[in-house]
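Work through the exercises below with the sequence and the structure in view. Each task is followed by its solution.

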Amino acid sequence: MIEVYSWPTPNGHKVHIMLEECGLPYRAHAVDIGAGDQFSAEFLAISPNNKIPALVDPDGPDGRPMSLFESGAILLYLAGKTGKLLPADTRGKYETLQWLMFQMGGVGPMLGQAHHFRIYAPQKIDYAVERYTNEAKRLYGVMDRQIARHRYIAGNEYTIADIAVFPWLRSWKNQGIDWNDYPHLKGWFDEIAARPAVQRGVEVLADRRKPQMDDKAREALFGAKQYARR
């Protein structure tokens, strides 16, 4: 039984979906990032960057337990463990990896900034809102052009690149996106959203998330506590 320490955010959903797609048995442990659970000594032992998700596999590659943090690394680990959702041929593998890195270096961080400055920032900063909204639109445009030529993000095969990107696009409204501007990507989004494993994955821990952010959660997520040395 794989132990997953997570929360229902896009990065958490990546791993939940991957586990469901691979059919691996797992147990999800809630790390309430609004309550500050990510700063506990127990969680830091497996996730030194105090970010979700993290994973402990009791049956690691050498038969011993292995812990991992960073959602992209976890996707690669699970793909290697199961032989699923990452092409075996060299060309297909690296075509997939470049789009996985595109998500990790672009889609996640930039859409996260768009969320922050459009929704959560205590002061509205027009420059930041415009900058990150425009970057979100640019990234959607990159993906829309890719899907115009291919069925999936990395080509014509469903891979970990699709799993990495999809959860971040579920909050398209918060990113200032109009789907009418990205018809090819919208078709892809609807197809991925209809997959049973994806539907199960995005429901993992979903009942634990509060609909509104209170002052305690805002401090845990955006306040000085996250910058304290540990």
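**Exercise 1.** Which residues of the largest nonpolar core touch the most other members?

Solution. The model is predicted, so local features need pLDDT of at least 70 and side-chain atom pairs count only at pLDDT 80 or more, while totals for chains, interfaces and linings use all residues. Residues are numbered from 1 along each chain as its sequence is written, and side-chain values use heavy atoms, with hydrogens and water left out.

Step 1. A nonpolar core is a set of buried Ala, Val, Leu, Ile, Met, Phe, Trp, Tyr and Cys residues joined through side-chain atoms within 4.5 Å. Buried means under 20% relative accessible area, exposed over 50%, and partly exposed in between (1.4 Å probe, protein chains only).

Step 2. Read off the residues. The largest core has 53 residues, and Met18, Leu78, Tyr140, Met143, Leu169, Leu185 and Trp188 touch the most other members.

Step 3. Find the elements. Two or more core residues come from each of strand S1 (2-6) and helices H1 (10-22), H3 (71-82), H4 (90-120), H5 (126-149), H6 (160-169) and H7 (183-193). Helices (H or I, at least four residues) and strands (E, at least two) are DSSP runs, numbered from the N terminus. H6 gives the largest share of this core, eight residues.

Step 4. Look for a further core. Another core, of seven residues, lies apart from this one and includes Trp7, Phe43, Ile46 and Ala54.

**Exercise 2.** Why is H6 described as largely enclosed by the rest of the structure?

Solution. Step 1. Ten of the ten residues of H6 are buried, so this helix is largely enclosed. Among them are Asp162, Phe166 and Trp168.

Step 1. The buried residues of H6 pack against H1, H3, H4, H5, H7 and helix H8 (196-201).

**Exercise 3.** At what angle do H1 and H6 pack?

Solution. Step 1. Two packed helices are described by the angle between their axes and the distance between the axes. Axes are lines fitted to C-alpha atoms, for helices over the stretch in contact, and angles run from 0 to 180 degrees between N-to-C directions.

Step 1. The angle for H1 and H6 is about 140°, and their axes are 8 Å apart. H1 and H6 are therefore oblique to each other; angles under 35 degrees count as roughly parallel, over 145 as roughly antiparallel, 65 to 115 as roughly perpendicular and the rest as oblique.

Step 2. Contact means heavy atoms within 4.5 Å. Residues making the contact include Ile17 and Met18 of H1 and Ile163 and Pro167 of H6.

**Exercise 4.** How do the axes of H3 and H4 cross?

Solution. Step 1. The axes of H3 and H4 come within 10 Å and cross at roughly 155°. The two helices, H3 and H4, are therefore roughly antiparallel.

Step 1. Gly72, Leu75 and Leu76 of H3 meet Leu97, Leu100 and Met104 of H4 in the contact.

**Exercise 5.** Is Trp7 buried or exposed?

Solution. Step 1. Trp7 is in the loop between S1 and H1.

Step 1. With a relative accessible area of 5%, Trp7 is buried.

Step 2. Leaving aside neighbours within four places in sequence, the contacts of Trp7 include His16, Ile33, Leu205 and Arg209. The C-alpha atoms of Trp7 and Arg209 are separated by 8.0 Å, although these residues are 202 residues apart along the chain.
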